[in-house]
Amino acid sequence: MATLNTRNTARIMMAPSVILLLVWMIVPLAMTLYFSTLRYNLLSPGTGFVGFMNYEFFLTDPAFFDALFNTLYLVGGALLISVVGGIFLALLLDQPFWGRGIVRLLAIAPFFVMPTVSALVWKNMFMNPVSGLFAFIATSLGLQPIEFLEEIPLTSITLIVGWQWLPFATLILLTSLQSLDSEQREAAEMDGAGPVSRFVYIILPHMARAITVVILIETIFLLSIFAEILVTTNGGPGTATTNLTYLVYVQALLQFDVGGASAGGIVAVVLANIVALFLVRIVGKNIEA
Amino acid sequence: MARAISTRRKIVFTIIAWTVGFLIFFPILWTVLTSFKTEAEAIASPPSLLFFEWTLENYVEVQQRSDYFRFFFNSVIISFGSTILGLIVAIPAAWAMAFSPTPQTKNILMWMLSTKMLPAVGVLVPIYLIFRDWGLLDTRIGLTIVLMLINLPIIVWMLFTYFKEIPGEILEASRMDGAALRDEIIHVLVPMAVPGIASTLLLNIILAWNEAFWTLNLTAANAAPLTAFIASYSSPEGLFYAKLSAASTLAIAPILVLGWLSQRQLVRGLTFGAVK
């Protein structure tokens, strides 16, 4: 009898969270699905059912392929920077040296900088081809300054995003590294294993799970990069820096094409879900609820 | 001999680590320094790192010209409001899941996690239209609700992993000692739950403060928080480096401090307990 009571209490305690999330997930998503089958533009009156036409337009639009490529480039590039850099940094911060705590604070700081600030600071004060710091360094070395956001816009944004996410990877990989049994490392050292083989055979396998978690979580956030693009390039030049999120934003809030944007939104949801599936499996293995 | 080598090794690593740390931090340091320069000095070539005339005029001007504190106030209301609302909803849920788990608890947790993976653009159109029709566009309350909902899964998860660590036997022991329910809550549960709740609060304030999809798309002038305020510097005011820097410094300083305080919890919160 008592258990029955606790069980009901537990249900009542969970209800608000579950109901809120259920509504938040299902209602807008159902609306997006519904809109995606309509001819519906806020600027022209009248709506009508068009079946899969919006999907057809969205998926055959050259801008979609650009956006898909840009999304993959941005996610892949930022992952490469943050994961490879993060492994290196975690190994470095794990060494004994003076002022570890302070260096650690310095290295994780970029994560707390809001996206609009980091994008604008990099764009203006570092990447500006006339008065930016990189231009100054280039000219002092006798080189031609690069017009970052004109010549290599997508790579520039990838660099900014990589800088923002480097601390996240570092912090998680460092946490994982510090949970490595030091006896195991010492034993390998005594057996004459060099730093490289120690890294490949002991440290890397130990960090494998943390690396997977970093990649999956970052991918979810990186698929939705928006503010950095908005304040630096507005998706341009042309569609050079338009990712899927930005493309849907343009269709929805600049062109008021509710139907088309909804179809794009659903495409983004499907892509994100493929990634999510993997993450849920990995995290799910590690809780004993 | 061994000691000499390890000291030398330590010196080498100290130099490398400090150099790398400095380089990563440099854009932030440069922003803070530039905020104390005059506009002319900010774009001077060669740029000076420390030897310039320090001034506070940019801070004064940012406040006077654009009413900085209104945006700051919006950020505070939205990030604290959404986090506290989220905690009120999530604490009972996490509590129930941690102390009276049922066979479905794990599934519910995983499902909550999956809602976090719904990309924002998937629901941008309906949320925008609902907000427009209900008059919630550009209101603090509307944004607070949205941020509460997008962070709710993280809040539940973090609290769950913390509450999970409170040993259930302690409750039984205090009950055996004849503690009344009220005493049990005040003297046993609250002290053990507070650190976890505080960590959750801190991390979620940071996340809400820096959220830059909904805050940019659902606000205009009234409810705009600092993310949107800084975005307004994208052109042409962005070319006034000193003012951009002053505004940026003010926007990131409070959260940077909070972030440094909560760096441990960050790992746990953002990996949903998968890495501790």
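## Ground rules

Helices here are DSSP runs of H or I with at least four residues, strands are runs of E with at least two, and both are numbered from the N terminus. This is a predicted model, in which local features need pLDDT of at least 70, side-chain atom pairs count only at pLDDT 80 or more, and totals for chains, interfaces and linings use all residues. Residues are numbered from 1 along each chain as its sequence is written, while chains are lettered from A and ligands numbered from 1 in the order in which they are written.

## A residue in helix 6 of chain A

Let us start with Ala135(A), which sits in helix 6 (residues 133-140) of chain A. Is Ala135(A) buried or exposed? Ala135(A) is buried, because 21 other C-beta atoms lie within 10 Å. The cut-offs are 20 or more other C-beta atoms within 10 Å of a residue's own for buried, 12 or fewer for exposed, and anything in between for partly exposed, with C-beta atoms placed from the backbone.

Leaving aside residues up to four places away in sequence, Ala135(A) touches Asn128(A), Pro129(A), Val130(A) and Pro145(A). A contact here means that the C-beta atoms of two residues, placed from the backbone, lie within 7 Å.

Strand 1 (residues 38-41) and strand 2 (residues 44-49) of chain A run antiparallel and are joined by three bridges; strands pair when DSSP finds at least two bridges between them. Asn41(A) has Ser44(A), in strand 2, as its bridge partner.

Further along, Asn234(A) lies in the loop between helix 11 (227-232) and helix 12 (244-254) of chain A. Its phi is near 55°, a positive value in a residue other than glycine. Most residues other than glycine have a negative phi. Asn234(A) counts as partly exposed, with 15 C-beta neighbours inside 10 Å.

## Chain B as a whole

Which elements make up chain B? Chain B has 13 helices and zero strands. Chain B has a radius of gyration of 24 Å, whereas a compact globule of 276 residues would be near 19 Å; the radius is taken over C-alpha atoms, and the globule rule is 2.2 Å times the number of residues to the power 0.38. Along the principal axes, the C-alpha atoms of chain B fill a box of roughly 75 × 75 × 35 Å.

Of the 276 residues of chain B, 46% count as buried. Among contacts in chain B between residues at least 6 apart in sequence, 79% join residues at least 24 apart.

## Helix 7 of chain B

Helix 7 (residues 140-163) of chain B has a kink of about 45° at Asn151(B), shortly before the proline Pro153(B). The bend at a residue is the angle between axes fitted to the seven residues ending there and the seven starting there. Helix 7 of chain B is largely enclosed by the rest of the structure, because 21 of its 24 residues are buried.

In the loop between helix 6 (121-133) and helix 7 of chain B lies Asp138(B). Asp138(B) is not a glycine, yet its phi is positive, near 60°. With 17 C-beta neighbours inside 10 Å, Asp138(B) is partly exposed.

## Where the chains meet

The contact takes 86 residues from chain A and 88 residues from chain B. Helix 1 (residues 2-35) of chain A gives the largest share of chain A's side, 17 residues.
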